[in-house]
Structure formats: C-alpha cells, structure tokens
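Morning, everyone. Please have a look at the sequence and the model on the screen.

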Amino acid sequence: MNERHIISFPIGSQRFNFRVAGIIVVDNHVLICSEDDDDYAMLPGGRIELGEDSKFSLSREIAEELDMPGRVGALVATSESFYRRVGEDFHELGFFYEVALPGQGPDGNAPWLQRWDEGHLLKFSWVSLEGDALEKRNLLPSWLPNYLRTRSRTLTHIIHDERV
C-alpha cells in the first residue's frame with residue numbers, strides 16, 4: 001500500500017493548499033458542504049494528493065464524501081486565493097470542475113445528506129443560487145457566490161486576495 005500525501009503544508013505561519021472542488025448545480029441550486037466544527041461552507045471536494053491529477057482527485061473526494069459516484073466534467077475555473085484563518089495565512093490553488101450526480105438533486109431536506117469523513121460530520125445541502133442564500137451560509141472562498149451566479153462555460157481564472 002502506498003503512503004498518501006495530501007498537498008497541504010505549513011511554512012512558518014503560512015500554509016499552502018492545493019484544493020479541488022465540484023460545482024454541482026441542479027434546478028438552480030448548488031450542492032454545498034459544511035463541517036461540524038466550521039462556521040463556513042464550501043463546495044464538495046478536498047485536497048489533492050501527491051501523484052494524483054486533479055480530476056481523479058475530485059472523483060475520489062466525491063466518492064469518499066458523498067458515498068456515491070459523480071461524473072466529473074469540464075474544468076471551469078482555477079483560483080489563487082490568499083486568506084487568513086485560525087492564525088495562519090493561506091495560499092491556496094483551487095481547481096473547480098463541473099460535476100453531475102446522476103439521479104440526485106434538491107428534495108426539500110436540509111441537510112440533504114450527512115456523512116462522517118475523517119472524524120468530521122459533513123452536512124451537504126442544496127442552496128438556491130438566487131438571492132443571498134449562499135452568503136448567509138458563508139460559502140467560501142468569498143468570491144464563489146457571485147461566480148456561481150454569473151459563471152460562463154469558458155475557463156475562468158480568479159485571483160482573490162483578502163490580505164489587503
């Protein structure tokens with residue numbers, strides 16, 4: 001068995017992350033995830049492991065977190081995000097792919113799905129792209145709600161710096 005190495009590491013008071021996330025939109029709702037000990041939400045996904053390509057990594061993360069297969073589609077956005085959290089300055093590279101979950105979508109349940117993963121309770125919810133529902137759920141990175149509402153089908157590169 002090969003040892004797994006997540007591409008996230010500290011350097012002094014800073015941390016580098018290489019993250020991949022799935023944009024899953026059905027009926028004008030996007031699937032988001034929150035962990036039991038965080039005050040924010042994120043898109044399903046996770047950190048890429050050394051030796052994995054980003055598309056494979058997202059397929060693995062979807063299977064692990066949701067316990068169901070997802071169809072990973074096109075890469076639609078990349079990001080360079082700089083932010084501060086829990087006493088660390090983060091430099092995060094993100095790859096965002098369209099993902100389909102065949103036969104799944106909003107069903108009125110909140111949360112839609114709960115699963116334990118790596119010692120954390122993950123709660124998945126379908127949230128409307130209309131209004132300020134994503135902001136109320138504190139979807140991060142902070143540029144993401146507007147991007148999701150206005151996204152195009154062409155590859156977008158976002159640089160977002162919260163340090164200024």
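I will go through the strands, then the pocket, the salt bridges and a few backbone details.

Some ground rules first. This is a predicted model, where local features need pLDDT of at least 70 and side-chain atom pairs count only at pLDDT 80 or more, while totals for chains, interfaces and linings use all residues. Residues are numbered from 1 along each chain as its sequence is written, and side-chain values use heavy atoms, with hydrogens and water left out.

Strands, then. Helices (H or I, at least four residues) and strands (E, at least two) are DSSP runs, numbered from the N terminus. Two strands pair if DSSP finds at least two bridges between them.

Start with β1, residues 8–11. Strand β1 runs antiparallel to β2, with 4 bridges joining them. P10 has R15 of β2 as its bridge partner. The two strands form a hairpin, with 2 residues between them. In that turn, G12 has a positive phi of about 65°.

Now follow β2 across to β7. These two run parallel, joined by 10 bridges. Here Q14 stands opposite D89 in β7.

Strand β7 also pairs with β6. That pair is antiparallel, with 12 bridges. T78 has F95 in β7 as its bridge partner. This is a hairpin too, with 2 residues between the strands. V86 takes a positive phi there, near 50°.

On to the pocket. Rolling a probe the size of a water molecule over the atoms shows where empty space is left. The method uses a 1 Å grid over the protein atoms alone and a 1.4 Å probe. A pocket is an open set of points with protein on both sides within 12 Å along at least five of seven lines, and lining residues have an atom within 4 Å of a point. Grid points are joined across faces, edges and corners, and the volume is the space filled by probe spheres set on the points.

How much space lies in the largest pocket? About 940 Å³. It is lined by 45 residues, and the closest to its centre are R19, Y40, M42, R47 and R85. Several elements supply at least two lining residues each, including β2 (14–23), α1 (54–66), β6 (71–85) and β7 (88–100).

What kinds of residue make up the lining? There are 19 nonpolar, 8 polar and 18 charged. Ala, Val, Leu, Ile, Met, Phe, Trp, Tyr, Cys and Pro count as nonpolar; Asp, Glu, Lys and Arg count as charged; the others, Gly among them, are polar.

Next, salt bridges. A salt bridge is a side-chain nitrogen of Lys or Arg within 4 Å of a carboxyl oxygen of Asp or Glu. The structure holds 11.

Look at R60. Its salt bridge with E52 has the closest N and O atoms 2.6 Å apart. R60 also meets E61, at 3.1 Å from N to O. Are these side chains buried or exposed? Buried means under 20% relative accessible area, exposed over 50%, and partly exposed in between (1.4 Å probe, protein chains only). R60 and E61 are both buried. R60 has a relative accessible area of 13%, and E52, at 17%, is buried as well.

Another salt bridge joins E135 and R149, with 2.6 Å between the closest N and O atoms. It links helix α2 (residues 133–136) to helix α3 (residues 144–150), and the two partners are 14 residues apart. E135 is partly exposed at 40%. R149 is partly exposed at 31%.

Last, the backbone. Two peptide bonds to mention are cis, with omega near 0°: A110 to P111, and L140 to P141. P111 sits in the loop between β7 and β8 (113–117). P141 lies in the loop between α2 and α3.

That α2–α3 loop also holds N138. Its phi is positive, near 55°.

One more residue: S125, in strand β9. S125 is buried, at 6% relative accessibility.
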